Amino acid sequence: MEDVLDLYTLPYDPHYPQVCFDESSKQLIGESRAPLPAKPGELERYDYEYVRNGVVNLFMFFAPLHNWRHVKVTARRTKEDWAYCMRDLVDVHFPQAIRIRLVEDNLNTHDPAALYEVFAPAEAKRILDRLEFHYTPKHGSWLNMAEIEFSVLSRQCLHPRIADKPTLEREVAAWQVERNEAQATVHWRFTTSDARIKLKRLYPSIEP
């Protein structure tokens, strides 16, 4: 926990960007009947019945000190999908960075060895050399600021019924453009000193 909290206190450095990475799912829901359009004095009305169109995955990249986020919609969330996200992170999103300080949950799919399962050894090593991993502890995923961005995304974009993956991709892309242009970010205030006071029960008790 303190590793992640100390990372959040580091100043902005374009050569060593801090990036929070997380994932979530979205159920695709279609309409069983066409909604009734809005009219004066009445909102658009939807039938309570709906059609399940499966579930897709969303990967969130969030760099709070750069006021930047990017969401990638995929059909799955496997080790292979994670590996391609890491390649995008170093080659597409932060190609000039010397090393990217990555905060993510300690899931079985977030395994650096997965890069070697997906790419040739030289390519996997090239990607891995550009990444510095900082894992949130078990039951401590709230330390990942990407979760806060997912909360904003859910409130502002994901609450309506979305029937298919292309529509979801368009909605998410529009949302992230608006957030990035507004330079929206998260101002993290919880520090290691705060943790040692407020979360004292989580630390081992050492008798003098």
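Figure 1. At 47% relative accessibility, Gln-183 counts as partly exposed. (Buried means under 20% relative accessible area, exposed over 50%, and partly exposed in between, with a 1.4 Å probe and protein chains only.) Gln-183 has a phi near 60°, a positive value in a residue other than glycine. It lies in the loop between α6 and α7 (192-198). His-139 sits in the loop between β5 (131-136) and α5. Its phi is near 65°, also positive. With 73% relative accessibility, His-139 counts as exposed. Most residues other than glycine have a negative phi.

This is a predicted model: local features need pLDDT of at least 70, side-chain atom pairs count only at pLDDT 80 or more, and totals for chains, interfaces and linings use all residues. Residues are numbered from 1 along each chain as its sequence is written, and side-chain values use heavy atoms, leaving out hydrogens and water.

**Figure 2. The whole chain.** The protein has seven helices and five strands. (These are DSSP runs numbered from the N terminus: helices are H or I with at least four residues, strands E with at least two.) Along the sequence they follow the pattern α-β-β-β-α-β-α-α-β-α-α-α. The C-alpha trace spans about 70 × 45 × 30 Å along its principal axes. Of the 208 residues, 38% count as buried. Among contacts with a separation of 6 or more, 74% join residues 24 or more positions apart. (Contact means heavy atoms within 4.5 Å.)

**Figure 3. Helix α2 against helix α4.** Helices α2 (residues 79-93) and α4 (residues 121-128) pack at about 65°, with their axes 10 Å apart. (Axes are lines fitted to C-alpha atoms over the stretch in contact, and angles run from 0 to 180 degrees between N-to-C directions.) From α2 come Met-86, Arg-87, Val-90 and Asp-91; from α4 come Glu-123, Arg-126 and Ile-127. These contact residues divide into three nonpolar, no polar and four charged. (Ala, Val, Leu, Ile, Met, Phe, Trp, Tyr, Cys and Pro count as nonpolar, Asp, Glu, Lys and Arg as charged, and the others, Gly among them, as polar.)

**Figure 4. Aromatic pairs.** The count comes to eight aromatic pairs. (Rings of Phe, Tyr and Trp, the last by its six-membered ring, pair if their centres lie within 6.5 Å; planes under 30 degrees apart are stacked, over 60 edge-to-face, the rest tilted.) Phe-21 and Phe-59 are stacked, with centres 5.5 Å apart and planes at 15°. Phe-21 lies in β1 (residues 18-31) and Phe-59 in β2 (residues 50-63), so the pair ties together parts 38 residues apart in sequence. Both Phe-21 and Phe-59 are buried. Trp-68 and Phe-94 pair edge-to-face, at 5.3 Å centre to centre and 85° between the planes. Trp-68 is in β3 (residues 68-74), and Phe-94 is in the loop between α2 and β4 (100-105). Trp-68 and Phe-94 are buried. Ring pairs also link Phe-21, Phe-59 and Phe-61 into a cluster.

**Figure 5. Nonpolar cores.** The largest nonpolar core has 29 residues; Leu-58, Met-60, Val-71, Leu-153, Leu-168, Val-172 and Trp-175 touch the most other members. (A nonpolar core is a set of buried Ala, Val, Leu, Ile, Met, Phe, Trp, Tyr and Cys residues joined through side-chain atoms within 4.5 Å.) Helix α5 (145-158) is among the elements that each supply at least two residues. The largest share, seven residues, comes from α5. A second, separate core of 22 residues includes Phe-61, Cys-85, Leu-89 and Leu-102.
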